[in-house]
Amino acid sequence: MSFASELAHAVHNGDRRALAKAITLVESTRAEDREPARTLLSLLLPVAKPGIRLGVTGVPGAGKSTLIDALGMCAVTDGRRVAVLAVDPSSRDSGGSVLGDKTRMTKLAQEDAAFIRPSPTRGVLGGTASRTREVIALCEAAGHDVVFVETVGVGQSEERVASMVDLVLLVLLAGAGDDISSMKRGVLEAADLIAFNKADAERVASVQADAASLRASLGISRAGRMPDVLSVSALDGAGVAELWSALLSRQDEAAQSGELLLRRGSQRGAWFEAALDDALHAVFVEDSELSQAREAALREVESGALSAPEAAERLVASLLARR
Ligand code: GDP
């Protein structure tokens, strides 16, 4: 058996170290990893059965990790197998990580039925976040039927996440009322459920008031299915079981109405577009002649001798000319 097929076998058998290794392979930008990664995916994609894909978004400190820990424990108690992934919009540009290297999800981390992918490696060229869809499928092939995809709410990243998941959960903090009115409508509208977190200690009443006022304002402004708005305490667990059942009923409802089928279709469509970009880009990295042409064009663009769109058109023309 080849390396890739042995690895595929181990992943499918639920071997967590193999899953971690498979993810690293699929996320790798090294040319020599491309072929085994392709083989691995071709073996595992047919056995990857999606269960629930949940996007979780919110500002840093809102309590996303703590809430995923608590919701994940509800899922594990239900007999499900959980995976947690992070899409970190910062990893490419800053080399740093908004999601941080803190010890995350301490309860789930002790569960055999849970797999937590640490934040993407820092400063990896090309950003590791771009293969998130493949990574979701690997987790599903390993039998994880609940996949959380966590992202920091900074606009662009949650749009990307929304195109990969069945449901988006937005985690908000109470007392940030002004922020909500100024929050991009798109962020609120992309959410299927909104959880006001930290409804504990002296904050319970104010969190509940904020949740009620958001519910009222969404009711006025929004056509179609309203997001559920709940208040929870990820820390002491209040409202978490209710939030978990709300997520499940939302998913059931979407499955019954046919909405889920449509969403899965557009998830695959968006995946195709991303994979096409990725494959095209790989041609310009792997083929030595094209890669040299790309490097040369890059230098011209950087020096200002050539405009970026012109350089891109020229490279594509040289690819077509080789047929
Ligand atoms: P993230 O950056 O959105 O992932 O937020 P974290 O889950 O790391 O939480 C940020 C801080 O808020 C941590 O110190 C948590 O312990 C705390 N926190 C999270 N959820 C709650 C909660 O429900 N109540 C309280 N009081 N603190 C919380």
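**Charged pairs and their surroundings**

Mentor: A salt bridge joins the side chains of D200 and R203, with 2.4 Å from N to O. The term salt bridge stands for a side-chain nitrogen of Lys or Arg within 4 Å of a carboxyl oxygen of Asp or Glu. D200 counts as buried at 11% relative accessibility, whereas R203 is partly exposed with a relative accessible area of 34%. Here buried means under 20% relative accessible area, exposed means over 50%, and partly exposed lies in between (1.4 Å probe, protein chains only). Salt bridges that share partners also join R30, E32 and D33 into one network.

Before we continue, please note that this is a predicted model, in which local features need pLDDT of at least 70 and side-chain atom pairs count only at pLDDT 80 or more, while totals for chains, interfaces and linings use all residues. Residues are numbered from 1 along each chain as its sequence is written, and side-chain values use heavy atoms, with hydrogens and water left out.

By the salt-bridge rule, the count for the model comes to 17. One of these bridges is formed by the side chains of R16 and D112, at 3.9 Å from N to O. The pair links distant parts of the chain, 96 residues apart: R16 belongs to helix α2, and D112 to the loop between β2 (82-87) and β3. R16 is partly exposed, with a relative accessible area of 31%, and D112 is exposed, with 64%.

The bridge of E286 and R34 has an N to O distance of 3.3 Å. E286 lies in helix α11 and R34 in helix α3, so this pair ties together parts that are 252 residues apart in sequence. The relative accessibility of E286 is 38%, which makes this residue partly exposed; R34, in contrast, is buried at 19%.

Let us now turn to the helix that holds R16. Helix α2 covers residues 16-27, and its 12 residues should span 16 Å at 1.5 Å a residue; the end C-alpha atoms are 16 Å apart, which agrees. The expected span is 1.5 Å times one less than the number of residues. At the start of α2, a side-chain oxygen of D15 reaches to within 3.0 Å of the backbone nitrogen of R17. The buried residues of α2 are A18, L19, A22, I23, L25, V26 and E27. An α-helix has 3.6 residues a turn, so residues three or four places apart point the same way. The buried residues of α2 pack against α1 (3-12), α3, β3 (114-116) and α5 (132-141); contact means heavy atoms within 4.5 Å.

Helix α3, which covers residues 31-44, also holds T39. T39 is partly exposed at 27% relative accessibility. The C-alpha atoms of T39 and A4 are separated by 6.2 Å, although these residues are 35 places apart along the chain.

F272 is exposed, with a relative accessible area of 51%. Together with L276 and L280, F272 forms a nonpolar patch on the surface, with about 280 Å² of accessible area in all. Patches are made of residues with over 30% relative accessible area and no salt bridge, nonpolar side chains (Val, Leu, Ile, Met, Phe, Trp, Tyr) being joined within 5 Å and like charges within 9 Å. The areas come from the Shrake-Rupley method with a 1.4 Å probe, and for residues only the protein chains shown count as cover.

Another arginine deserves attention. R53 is placed in strand β1 (residues 52-58) and counts as buried at 12% relative accessibility. Setting aside residues up to four places away in sequence, R53 touches I136, E140, V147, M164, V165, D166, L167, R264 and Q267.

Finally, we return to the region of the opening pair. The loop between β6 (193-197) and α9 (204-221) includes K198 and A201. K198 has a positive phi of about 70 degrees although it is not a glycine, and K198 is partly exposed at 32% relative accessibility. A201, also a residue other than glycine, has a positive phi near 45 degrees; at 59% relative accessibility, A201 counts as exposed.

Note on methods: Helices (H or I, at least four residues) and strands (E, at least two) are DSSP runs, numbered from the N terminus. A polar contact is a pair of N or O atoms within 3.5 Å; within protein, one must be able to donate a hydrogen and the other to accept it, and residues adjacent in sequence count only if both atoms are side-chain atoms.
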